[in-house]
Amino acid sequence: MTDRIRRFLADKQPETPCLVVDLDVVEFNYRRMRELLPQAKIFYAMKANPANEVLARLGKLGSNFDTASRGEIELCFAQGVGAERISFGNTIKKEKDIAWAHQNGVRLYAFDSEAELQKLARSAPGARVFCRVLVDCDGAEWPLSKKFGCAPDMARDLLKRANDMGLEAYGVSFHVGSQQTDLDQWDRALAQVSQMFYALAETGIDLKMVNLGGGFPARYRKDVAPVEAYCEAVQRALVRHFGNRMPEVIIEPGRSMVGDAGVLQSEVVLISRKSANDRKRWVYLDVGKFGGLAETMDESIKYRITTPYPAGGRSGPVVLAGPTCDSADILYEKTEYKMPLALKVGDKVEILSTGAYTTTYASVAFNGFAPLKTYCI
Ligand SMILES: *Cc1c(COP(=O)(O)O)cnc(C)c1O
């Protein structure tokens, strides 16, 4: 937690639950990525945290934006980000939204199927299109496997046809899975992608761009390599597979831009046991799966949690759960979490590195609980 966030929470005593985002950390993360991968254009994957203040800060720094819907594109426009800095990166788009984006100047679109390519040809003639390929997301704590991308053979055929359909076959994208912990995954993916570049070049189609997606980490319970090591691995893989025929490179970090910039403060609502000799206490917080912590699904993302009590004091195992009347609203049951024995109802706890995939993953008002509030400072 940064001093600025600590001070904000102490001075303002905001109602919980709430997320506090330190925009200086977002800026720091952006600048560091620019420095470590200078030839890559950053398209911030805004679904990770689309708060106006976050978009404004990144927009001012010159970032580009990866968007998934008309709504997200409109949020960018509202912050003065021009269409030339926007990629419509969702492979699943309504044709009327493609037409709207095209009319509003968006030039860059993703696809991974023939039907989507046909929509683009009809409603965004002349646009630059890139094909997303399937990669296995081994090593990712939040895999995006299977749903997105097509097999490399199909990608090659579709890119070949894109030019004939009046589009510009511009490049290839992939995503190694979010919170990727295996640094070799980019090398594997780029080996495949560079083969496609060479195969298509032989048929007279010169792709210009490779889009490396996201996958860069935030700091949860498990240690991860520093961003420097990630960027070095990516850089090495690019040089190994493209050498001096380096295409334009795009990266789409979401989690690594905003994750560590946010702290979610929550209050302990109830502590109980299920029987007199229950070994584990149940600790119910005022935030849960429906209030912004959706990524605890299958206990995938394991957040660090701090309490007001000094580390190293007496503690015991807990089941952590949210406040709603749905039994799926349990955060951690199988994963071992320990909390101080002194913990009591009304205590505030802080859930760290919650700047990504929280606020917009909250339900509208399930059980009457308001969506998670954000303070950007
Ligand atoms: C979600 C998403 C990202 C961001 O991934 P992170 O792992 O959060 O960095 C990037 N690109 C696309 C296409 C996405 O859908």
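User: How many cavities of 30 Å³ or more does a search of the whole structure find?

Analyst: This is a predicted model, where local features need pLDDT of at least 70, side-chain atom pairs count only at pLDDT 80 or more, and totals for chains, interfaces and linings use all residues. Residues are numbered from 1 along each chain as its sequence is written, and side-chain values use heavy atoms, with hydrogens and water left out. On a 1 Å grid over the protein atoms alone, a cavity is a set of points where a 1.4 Å probe fits but cannot get out. At 30 Å³ or more, the search of the whole structure finds 2 cavities.

User: What is the volume of the largest cavity, and which residues line it?

Analyst: A volume is the space filled by probe spheres set on the grid points, which are joined across faces, edges and corners. For the largest cavity that gives about 50 Å³. Lining residues have an atom within 4 Å of a point. Here they are Arg-132, Val-133, Leu-134, Val-135, Cys-137, Leu-144, Ser-145, Lys-146, Phe-148, Phe-174 and His-175.

User: Which element gives the most to the lining of the second largest cavity?

Analyst: About 40 Å³ of space lies in this cavity. Its lining is Asn-29, Arg-32, Met-33, Val-227, Ser-256 and Met-257. Two elements give two or more residues each, helix 2 (23-36) and helix 10; helices (H or I, at least four residues) and strands (E, at least two) are DSSP runs, numbered from the N terminus. The top contributor, with 3 residues, is helix 2.

User: Now the pockets. What is the volume of the largest pocket?

Analyst: A pocket is an open set of points with protein on both sides within 12 Å along at least five of seven lines. The largest one is lined by 36 residues, and Lys-47, Asp-66, Arg-132, Leu-144 and Phe-148 lie nearest its centre. Its volume is about 670 Å³.

User: How do the residues of that lining divide into nonpolar, polar and charged?

Analyst: Ala, Val, Leu, Ile, Met, Phe, Trp, Tyr, Cys and Pro count as nonpolar, Asp, Glu, Lys and Arg as charged, and the others, Gly among them, as polar. Strand 3 (64-67), strand 6 (128-132) and helix 10 (255-258) each supply at least two lining residues. By class, the lining of the largest pocket has 14 nonpolar, 14 polar and 8 charged.

User: What area do the two domains bury between them?

Analyst: In contact (heavy atoms within 4.5 Å) are 20 residues of domain 1 and 21 residues of domain 2. Buried area is the accessible area (1.4 Å probe) that two parts lose on being put together, summed over both. Of the total, 55% is on carbon and sulfur atoms, and domain 1 and domain 2 bury about 2,000 Å².

User: With which residue does Arg-255 form a salt bridge?

Analyst: A salt bridge is a side-chain nitrogen of Lys or Arg within 4 Å of a carboxyl oxygen of Asp or Glu. The count between domain 1 and domain 2 is 1. For Arg-255, the closest N and O atoms are 2.8 Å apart, and the partner is Glu-295.

User: Which strand gives the most to the lining of the second largest pocket?

Analyst: That pocket has a volume of about 310 Å³. It is lined by 16 residues, with Ile-305, Thr-307, Ala-311, Lys-338 and Pro-340 nearest its centre. Strand 14 (305-306) and strand 16 (330-340) each give two or more residues. With 4 residues, the one that gives the most is strand 16.
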